[in-house]
Amino acid sequence: MKAVKILILAGLLAHNPLNAAQPKTTERSMAIPDSIETRRICTPRTLLFYQYDRLSSGDDEIESQNLHGFAIEKLVIFSASKSFPIFIETGIGANIGWGKSSFDRSFKISGIKAAEGKVKQQLTAISLTIPVNVSYKVNINKSLALQPFLGLNLKFNLFGQQKTKIEVADKTIQKEVDKWNVGDYAENLGIAHTRDMFDKIDADKDERWRRFQLGWHIGVGLTTKDVNFGISYGTDFIKLAEKINSSTLKVSLGFNF
């Protein structure tokens, strides 16, 4: 009798509908979905930027500067995970910016006559950058994705030059000012006609630029299959000069090639 009960129980278990409803695990069901799998490909990207730099100081004697310019970056984007759309982005970029400022100043003519004029200065800066970003891709639909990122920025300042000229309302005095040489600017105005921002003589210690800076930035991009639109903001851990901080706002258009 006991053997019959065991056989009946075994038959019921074999035909249990719960067991029949269990789906078979296939190789496809365990695979990474195509939408994530395809993200594992390394992608090159070329970015064109409009760039705004703010050079500011807490010292009243050092004037703040605004630079407007352009930049280009070449990035390579690597997948950092097989399961999640996390990426590492790095590459190299080149930047150039120009800034203008003006202020009123009293000065001497031929070391004797006193005059009032408007001092106008133009600053030019050129640098190379190496960004290192971590980004996360959020798909909006099959052809559009949002990609926020956070990263570090290594910056090598190659060129920094400030040129000065003075404009005077009195045409007679202006003609005399136009004849000034480099030495006359320093003697009569107390400002060099052309300043190398890295030079120990041209730039005071508090204003002298560093060749290397380290900073951070944060931003977001809107990405299609071939094109990327982005915006980012960043500032520096290592200042541009002893008393000069720099911050950067970038708007970019990128192409995946």
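The legends below describe close-up views of a pocket and the cavities in a predicted model. Local features need pLDDT of at least 70 and side-chain atom pairs count only at pLDDT 80 or more, whereas totals for chains, interfaces and linings use all residues. Residues are numbered from 1 along each chain as its sequence is written, and side-chain values use heavy atoms, with hydrogens and water left out.

**View 1. The largest cavity.** The volume of the largest cavity is about 460 Å³ (a cavity is a set of points, on a 1 Å grid over the protein atoms alone, where a 1.4 Å probe fits but cannot get out; lining residues have an atom within 4 Å of a point; a volume is the space filled by probe spheres set on the points, which are joined across faces, edges and corners). Of its 36 lining residues, F49, E73, H217, S232 and K250 lie nearest the centre. Strand β9 (227-236) contributes the most, 8 residues (strands are DSSP runs of E, at least two residues, numbered from the N terminus).

**View 2. The second largest cavity.** This cavity holds about 170 Å³ of space. Among its 19 lining residues, D53, L67, A125, S127 and K155 lie nearest the centre. The largest share of the lining, 4 residues, comes from β2.

**View 3. The second largest pocket.** This pocket contains about 520 Å³ of space (a pocket is an open set of grid points with protein on both sides within 12 Å along at least five of seven lines). Its lining comprises 26 residues, with E61, I62, Q162, R195 and E207 nearest the centre. The elements giving two or more residues to this lining are β1 (43-56), β3 (86-109) and β4 (113-136).
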